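Dear colleague,

Please find below the structure that I am handing over to you.

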Amino acid sequence: MQVYKSIETWRKARQQLSSGPLGFVPTMGALHAGHMKLVERSIQENKHTLVSIFINPTQFDNNADLQHYPKTLDADIKLLEEAGVHTLIMPNASEIYADDYRFILRENALSKQLCGQHRPGHFDGVLTVVLKLFNLVQPNKAYFGKKDFQQYLLIKDMAEALFLDIEIIGCETVRAKDGLALSSRNTKLSIAERQKASLLYERLRASKPIDDIAGALEKDGFKIDYVEEHADRRFAAVWLGDVRLIDNVEKHSV
Ligand code: AMP
């Protein structure tokens, strides 16, 4: 696996990359089976697969969350190498934001709802960095998890609105045996919180009105950001201690 930390070196290598479809999986590292599902799909569908690890500061609305975001770089590299990834890029924030974040990509509708309502500026950061990474990588296909369904929708819409020649592919959420959606942040849960966390998926799938579900989650001890229905899905964001968990399910699976 080729590893690039410098944007300039990567861009030179990109020009020399042999032809054939390039699949891209953007991540913030601390990789788990959810990330690897995207990677495996990209490897199946493309000649080259490139993964990025970049903890994007502009999408954090809370500095402590950014500082404490899990980092497992050695294990990440091993996983990616074993999976057969061809290229890993790990750019620096100073290079990605050489413009000091003067240029921001903003969506004005969906990005203000659900998570956007509770994390001001979050999706501006996500869309801006994904567009920068798309320009650097120039992939044919890019893979995103439906665990972050709102993010997936926004990126799909962005690609269409900006005429990007990139196919955006959504991959199903990978869950632990007890139903909890895998997330890098799960490692921050205490043993008791981790046990309780599986109730989020269980409650969300109950065929009950969302107000009842929110009530049940509150009784379980979750602090609720939102439980809402949007289009044909049901979305929730909740807190256990200082760990924020999100999940979503299709309404007809309820
Ligand atoms: P992150 O490192 O959290 O930015 O996630 C990188 C990509 O992996 C995003 O497209 C996520 O939606 C996706 N992802 C994270 N967790 C899961 C999961 N449990 N199942 C499927 N995809 C996931």
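**Two domains and their interface**

The domain assignment of the protein, an automatic or database one, gives domain 1 (2-171) and domain 2 (184-245). This is a predicted model, in which local features need pLDDT of at least 70 and side-chain atom pairs count only at pLDDT 80 or more, while totals for chains, interfaces and linings use all residues. Residues are numbered from 1 along each chain as its sequence is written, and side-chain values use heavy atoms, with hydrogens and water left out.

The centres of the two domains, taken over C-alpha atoms, are 26 Å apart. Contact (heavy atoms within 4.5 Å) joins 18 residues of domain 1 to 11 residues of domain 2. Together the domains bury about 1,300 Å², with 56% of it on carbon and sulfur atoms; buried area is the accessible area (1.4 Å probe) that two parts lose on being put together, summed over both. On the side of domain 1, L114, H118 and F149 lose the most area to domain 2, together 41% of what that side buries.

The rule finds 1 salt bridge across this interface, a salt bridge being a side-chain nitrogen of Lys or Arg within 4 Å of a carboxyl oxygen of Asp or Glu. The side chains of R185 and D65 meet in a salt bridge, at 2.8 Å from N to O.

With kind regards
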